[in-house]
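These are my notebook entries on a structure that I wanted to look through piece by piece. I begin with its pockets, then turn to packed helices and to a few points in the loops.

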Amino acid sequence: MTKIAFIFPGQGSQQVGMGAEFVQNDVHSKAFYNQADEVLGFSLSKLMLEGPQEELTLTYNAQPALLTTGVMVAAKLKEAGIVPDFTAGHSLGEYSALVASESISFEDAVQIVHKRGLFMEEAVPAGQGAMAAILGMEANALQEVTDKVTNEGDTVQIANLNCPGQIVISGTKAGVDKACVEAKQAGAKRAIPLVVSGPFHSELMREAAEKLSDVLKNIEVAQPKIPVVGNVWAKELEDVSAIQHELVEQVYSPVQWENSVRFMIEQGVKTFIECGPGKVLSGLVKKIDRSVSTYCVFDEASLNDVIETLKG
């Protein structure tokens, strides 16, 4: 039987109206949004459903919003009898994967990712950090560029290894700007600055990771009931200790998304279902291996298409 993975998007996929159709038509779906509001002490659901987009995009709002929608979609799929063999998420999406695999409770995860977002915002003042996507360059060659720029005094490093030909770098604004110029000189096809509020998955986030570590010490983490593939090592997180280390390290370590997807394919996964708004991860999966099937579930129609396709 074909193995299935639920995959969960990270920051950048948020959009006003996310999950609206499910919430309007299903009391169980609405319960997730209500629960998030209760845990956080403010109306995250109103922000998710009505905006404004600028406020929803703030790191400390976008993270719990994406988690809430992703977990709700995963619950709808399970309710329909579609249960994954693996879960994985891109950066913030890893928390959604852990909730879907019943390793962390939804209530705890909402609190953690809200604080995670705040810690990230606090770690580097706005305007001092940056990220950019480098297209058409091998990781080893780009590593040489980032090491050179860093050694010259401006911190920059590889942050996301997304798929063949797409790598994201992160660091100080000066470091990223210099690395973009040098990467193009070294053969990169394009260097595209990203609209983000901080240098995520870089050494500049260590302070945020330390604060997050203190929060995680007070959270109950259980052995996942469904295998979760982590960002840092691109393999199954086999025990509670590995999960706790992973969640701290992934704040300042590169997201090994391409290798995570390849690992799941090696384990027999042929179907990837992206749970939540957007189609970013599905696009990356297809660039990694065109032979697998990808689906995006974000409303009733897309949910019904998946159910009909997978359950006949």
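Entry 1, the pocket. Before listing anything I wrote down what a pocket is here: an open set of grid points with protein on both sides within 12 Å along at least five of seven lines, where a residue counts as lining if it has an atom within 4 Å of a point. I also noted that I am working with a predicted model. With that in hand I looked up the largest pocket, and its volume came out at about 800 Å³. Its lining is made up of 34 residues, and those nearest the centre are Gln 11, Gly 12, Ser 13, Leu 194 and Val 196. I then checked which elements give two or more residues to this lining, and found helix 5 (59-79), helix 7, strand 3 (129-135), strand 4 (156-163), strand 5 (166-172) and helix 13 (280-288). Helix 13 gives the most, with 5 residues. Sorted by class, the lining has 14 nonpolar, 16 polar and 4 charged residues.

Entry 2, helix 2 against helix 7. Two packed helices are described by the angle between their axes and the distance between the axes. For helix 2 (residues 27-40) and helix 7 (residues 106-123), I found axes that come within 10 Å and cross at roughly 55°, which means that helix 2 is oblique to helix 7. The crossing of this pair is right-handed. On the side of helix 2, the contact is made by Phe 32, Gln 35, Ala 36, Val 39 and Leu 40, and on the side of helix 7 by Phe 106, Glu 107, Val 110, Gln 111 and His 114. I sorted these contact residues into 6 nonpolar, 3 polar and 1 charged.

Helix 10 (residues 206-216) packs on helix 11 (residues 240-249) at an angle of about 150°, with the axes 9 Å apart. Because angles over 145 degrees count as roughly antiparallel, I put helix 10 down as roughly antiparallel to helix 11. Their crossing is right-handed. Helix 10 brings Ala 209, Leu 212, Ser 213 and Leu 216 to the contact, while helix 11 brings Gln 244, Leu 247 and Val 248.

In the loop between helix 6 (93-100) and helix 7 I looked up Glu 102, which has a positive phi of about 60° although it is not a glycine.

Technical notes:
Residues are numbered from 1 along each chain as its sequence is written. This is a predicted model: local features need pLDDT of at least 70, side-chain atom pairs count only at pLDDT 80 or more; totals for chains, interfaces and linings use all residues. Side-chain values use heavy atoms; hydrogens and water are left out. Axes are lines fitted to C-alpha atoms, for helices over the stretch in contact, and angles run from 0 to 180 degrees between N-to-C directions. Helices (H or I, at least four residues) and strands (E, at least two) are DSSP runs, numbered from the N terminus. Angles under 35 degrees count as roughly parallel, over 145 as roughly antiparallel, 65 to 115 as roughly perpendicular and the rest as oblique. A crossing is left-handed if the near helix is turned anticlockwise from the far one by less than a right angle, and right-handed if clockwise. Contact means heavy atoms within 4.5 Å. Ala, Val, Leu, Ile, Met, Phe, Trp, Tyr, Cys and Pro count as nonpolar, Asp, Glu, Lys and Arg as charged, and the others, Gly among them, as polar. On a 1 Å grid over the protein atoms alone, a cavity is a set of points where a 1.4 Å probe fits but cannot get out, and a pocket is an open set with protein on both sides within 12 Å along at least five of seven lines; lining residues have an atom within 4 Å of a point. Grid points are joined across faces, edges and corners, and a volume is the space filled by probe spheres set on the points.
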